[in-house]
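Open the model in your viewer and keep the sequence panel beside it. We will go from the whole chain down to single side chains.

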Amino acid sequence: LHEESIAPAKLSEHSKSYTETEEKGLDAFYMCLDSLKVGGVVQKGHNVVKVLVGDPQNQKTLTGSFTTYAVTIEPRIEEIKFVRRRYRDFVWLRKWVCEAFPCIFVPPLPPKSLLNKMKESFIEERRAGLQEFLQRLISRHRFLVHSLPFQLFVSKHSNTFDKQKRDIEKLIYEQSDDTLGTMYQSLFPEYTRLSLPKEPEERVLRLKDYLTNSAKQVTILLDSSSQIAEKWSDISTHSSKVTDSLKSLSKVENGYAQRPEPQRMDVIGKFESWAGIVSEKPKQWSDLVVEIFKSEKLDSE
């Protein structure tokens with residue numbers, strides 16, 4: 001199938017435009033890029049602010065089956081509506097971003113599965129995971145948007161992508177320590193002023209303690225948030241039952257001519273309103289809070 005044959009799902013909403021402060025920050029960032037070595041792994045490219053992964057398509061070859069996904073960016077490149085990528089292309093992107101920027105945290109990819117890889121539920125779970133990976137990648141460090149691996153990944157169709165990968169790999173492989181140090185000084189000038197332990201072993205121990213303690217607290221937060229989401233789900237279920245029971249009770253009482261006076265105070269409307277508010281809480285906790293801590297836990301692992 002041609003990559004343009006089936007359009008991917010549309011972006012759910014347009015990305016918010018930059019504020020004046022963000023625009024000034026972006027200008028400073030571009031000045032930083034201009035100061036870097038010409039021909040380096042970071043060059044001013046298409047300023048992607050949002051990524052969508054959608055429209056999974058299963059394909060068969062003589063050696064097996066695989067799934068491709070449509071990767072759409074915003075703002076879009078005029079001549080490129082979207083590009084199709086398979087899982088191994090995402091693996092390539094992560095590997096060479098890590099190689100190009102050692103010591104920079106790069107989000108994890110969703111896991112592999114040899115047994116379930118063609119199941120619809122797994123494909124959808126992987127699609128969501130791949131989209132989260134790309135969005136987190138460009139949100140954490142904006143300069144990664146302008147890295148050669150990312151720009152190639154989102155802007156070239158399969159044939160060109162496969163041909164140009166080798167050139168980028170060669171450039172990254174030949175990157176010297178001096179070039180890397182100069183690039184980091186330009187990208188992170190504030191870190192050159194930090195007071196760090198002189199001994200490498202002490203630096204490693206400090207980082208290890210930080211990561212261990214952070215992972216412990218994130219695990220506690222994830223467990224507690226998950227329990228809160230479950231409790232809200234129970235409350236939502238029982239709130240709906242209370243509302244339904246009150247409606248049924250009201251019908252019974254109104255149908256009984258000898259019912260006692262005065263009539264029961266009308267609370268159905270209030271309970272319906274309360275049940276509506278409560279029904280949104282489980283989704284808010286599971287989609288926002290729990291998912292955030294899940295990502296943090298993956299990062300710490």
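**Before you start.** This is a predicted model, where local features need pLDDT of at least 70 and side-chain atom pairs count only at pLDDT 80 or more, while totals for chains, interfaces and linings use all residues. Residues are numbered from 1 along each chain as its sequence is written, and side-chain values use heavy atoms, with hydrogens and water left out.

**Stop 1: the whole chain.** Show the cartoon. You will find eight helices and three strands; helices (H or I, at least four residues) and strands (E, at least two) are DSSP runs, numbered from the N terminus. Follow the chain from the N terminus and the elements run α-β-β-β-α-α-α-α-α-α-α. Of the 301 residues, 35% are buried (under 20% relative accessible area; exposed is over 50%, partly exposed in between; 1.4 Å probe, protein chains only). Among contacts (heavy atoms within 4.5 Å) between residues at least 6 apart in sequence, 70% join residues at least 24 apart.

**Stop 2: the aromatic rings.** How many aromatic pairs does a search of the whole structure find? There are four, counting rings of Phe, Tyr and Trp (its six-membered ring) whose centres lie within 6.5 Å; planes under 30 degrees apart are stacked, over 60 edge-to-face and the rest tilted. Select Phe90 and Phe153: this pair is edge-to-face, 5.0 Å centre to centre, with 70 degrees between the planes. Phe90 sits in helix H2 (residues 87–100) and Phe153 in helix H4 (residues 148–155), so the pair links parts of the chain 63 residues apart. Both Phe90 and Phe153 are buried.

**Stop 3: charges over rings.** Select Lys95 and Trp96. Lys95 lies over the face of Trp96, 5.0 Å from the ring centre (NZ of Lys or CZ of Arg within 6 Å of the ring centre and within 35 degrees of the ring normal). Next, pick Arg126, which lies over the face of Tyr87 at 3.8 Å from the ring centre.

**Stop 4: Arg94.** Return to helix H2, where Arg94 is found. Is Arg94 buried or partly exposed? Its relative accessible area is 26%, so Arg94 is partly exposed. Leaving out residues up to four places away in sequence, Arg94 touches Val106, Pro107, Pro108, Leu109 and Phe133. To finish, draw a distance between the C-alpha atoms of Arg94 and Pro107: they are 13 residues apart along the chain and separated by 8.3 Å.
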